[in-house]
Amino acid sequence: MRLSGDLLRLADAVLLPGFAGLTPPDWIRRRLGQGLAGAVLFSRNIADPAQVARLAAALRAENPAALVATDEESGEVTRLEAATGSSRPGAYALGVVDDVTLTEELARDLGRELAAAGITLDFAPSADVNSNPDNPVIGLRAFGAAPDLVARHARAFVRGLQSAGVAACVKHFPGHGDTSVDSHHGVPTVSLDGVEAALRPFREAIAEGVRTVMTGHLLVPTYDPGLPATLSPKLLTGLLREELGFDGVIVTDAIEMAGVSAAYGIGGAAARAVAAGADAVCVGGERSDEATAAEVRDAIAAAVAEGVLPEERLADAARRVRELAVWTTSSGSTTTTPPDRRVGLEAARRAVRVTRRSAAPALPVATAPHVVELAPEMNLAIDKGTPWGVGAPLAALLPGTTVTRLTAAEATGAAIERLIRAGAGRPLVVVVRDVHRHPWQQQAVRHLLSARPGAVVVEMGLPERSDLGAVHIATYGSAEVCGRAAAEVITGRAATG
């Protein structure tokens, strides 16, 4: 089928693709000049703030109205600081502190950094209520497990981010918290009795004036038993637009994720999402090539030509995306105050919780310890190269600290025995992430503690268990700044720098 140039340009006006490299490839430049809505930056596109600013300027040189978006949640999901680890804790730590003024201040500080780098749309915060501790993809990305707490901090984060002129995006509508399947790989189902509680933070964020809402690839049987939210007119148009009254931009989660693309293909899922009510389609987290972006554009245009997608719906989506771009260019922060990352360290320090389980003094640790970090496989939202742990910040405070990191395959009984022998006579610190979800971590910790019951255990995930170690330290996050806060508690010394 031959598609008209006007129709292809209209389809491009709702696309936000990703790409590879630190500079825009020729195909991105060309498509921006033809009306592409913008682009999404991932850690593969980011070296340092100055480079990101140059990249954003190069994108806008082709299309001054281009949206430049990224996933910068702070904490585990960071793009600007993927190479170093985030200098701000994630949402769960903020929920533990439960100071909405601090949350707003941190989000405003993040917004200033994003704005200075030329980023105008941030896919944050997560408004999911993490009521299922076995959730493999949300966890620490949520502000907590209570709807009211999540709602007030989502509002505060939106206020802070948008006060810096960066559009916020609450996700993953209508709530990915009460699920046990990762939508990168399958279709999670939202429990029948948890929908209203999950919607509360989205209602509050809409009342706060959030500019965008990201869809989740979730099946919600109470509203639509057959289609995931991203593809469901009942959820996007009926619930989000008409019932909740949201009038901003509805943006899809990555359309190549199996939760929607497995059944319809990437292009088919994109066309169905726009028909259901989505205004912008994200693609390119995993598929960042020109052919994929062209496939999505062509599929949307073909759906219009075939009468599957009304042209009026596509034109309305393009209009909403343009209006968002106008807001981002006219709502920049009026302050030139540079980012102040000290707010991140303050938040991380306030989030730490210590449980002493032994009468024997275990803290502070005054001599260089041996640190064992148990590293589980993380979900695709978290960059695999992002540093985490307590070993490095401990070594900065106690020179001579040694660190061993073990994966599931490496944490054999023989390896644990070697570590016990190697660390004899020195303090032992064991670092885990979501130990309650990983039987291999539980087995390794039991083995270590059977020989070294006086060890310190640091949980950098959800602390569903605090009954481990002579001292148990919960950081509620694995960001670099959370590791620094834990190291301060362990040594009794304040980190510098």
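**View 1. The helices and strands of the protein chain.** In this predicted model, the protein chain contains 16 helices together with 14 strands. A compact globule of 497 residues would have a radius of gyration near 23 Å, and because the protein chain has 23 Å, the two values agree.

View 2. Of the 497 residues in the protein chain, 61% are buried.

**View 3. The surface and the charged side chains.** The protein chain exposes about 18000 Å², and 52% of this area is supplied by carbon and sulfur atoms. The side chains of the protein chain include 48 that are positive and 56 that are negative, with the centres of these two sets lying 5 Å apart.

**View 4. The aromatic pair of Tyr92 and Tyr476.** The structure holds three aromatic pairs, one of them formed by Tyr92 and Tyr476, whose ring centres are 6.0 Å apart and whose planes stand at 5 degrees, so this pair counts as stacked. The two partners come from distant parts of the chain, 384 residues apart: Tyr92 belongs to helix H4 (residues 91-97), whereas Tyr476 sits in the loop between strand S14 (471-474) and helix H16 (480-491). Tyr92 and Tyr476 are both buried.

Methods
Residues are numbered from 1 along each chain as its sequence is written. This is a predicted model: local features need pLDDT of at least 70, side-chain atom pairs count only at pLDDT 80 or more; totals for chains, interfaces and linings use all residues. Side-chain values use heavy atoms; hydrogens and water are left out. Helices (H or I, at least four residues) and strands (E, at least two) are DSSP runs, numbered from the N terminus. The radius of gyration is taken over C-alpha atoms; the globule rule is 2.2 Å times the number of residues to the power 0.38. Buried means under 20% relative accessible area, exposed over 50%, partly exposed in between (1.4 Å probe, protein chains only). Accessible areas come from the Shrake-Rupley method with a 1.4 Å probe; for residues, only the protein chains shown count as cover. Lys and Arg count as positive and Asp and Glu as negative; His and the chain ends are not counted. The place of a charge is taken as NZ of Lys, CZ of Arg, CG of Asp or CD of Glu. Rings of Phe, Tyr and Trp (its six-membered ring) pair if their centres lie within 6.5 Å; planes under 30 degrees apart count as stacked, over 60 as edge-to-face and the rest as tilted.
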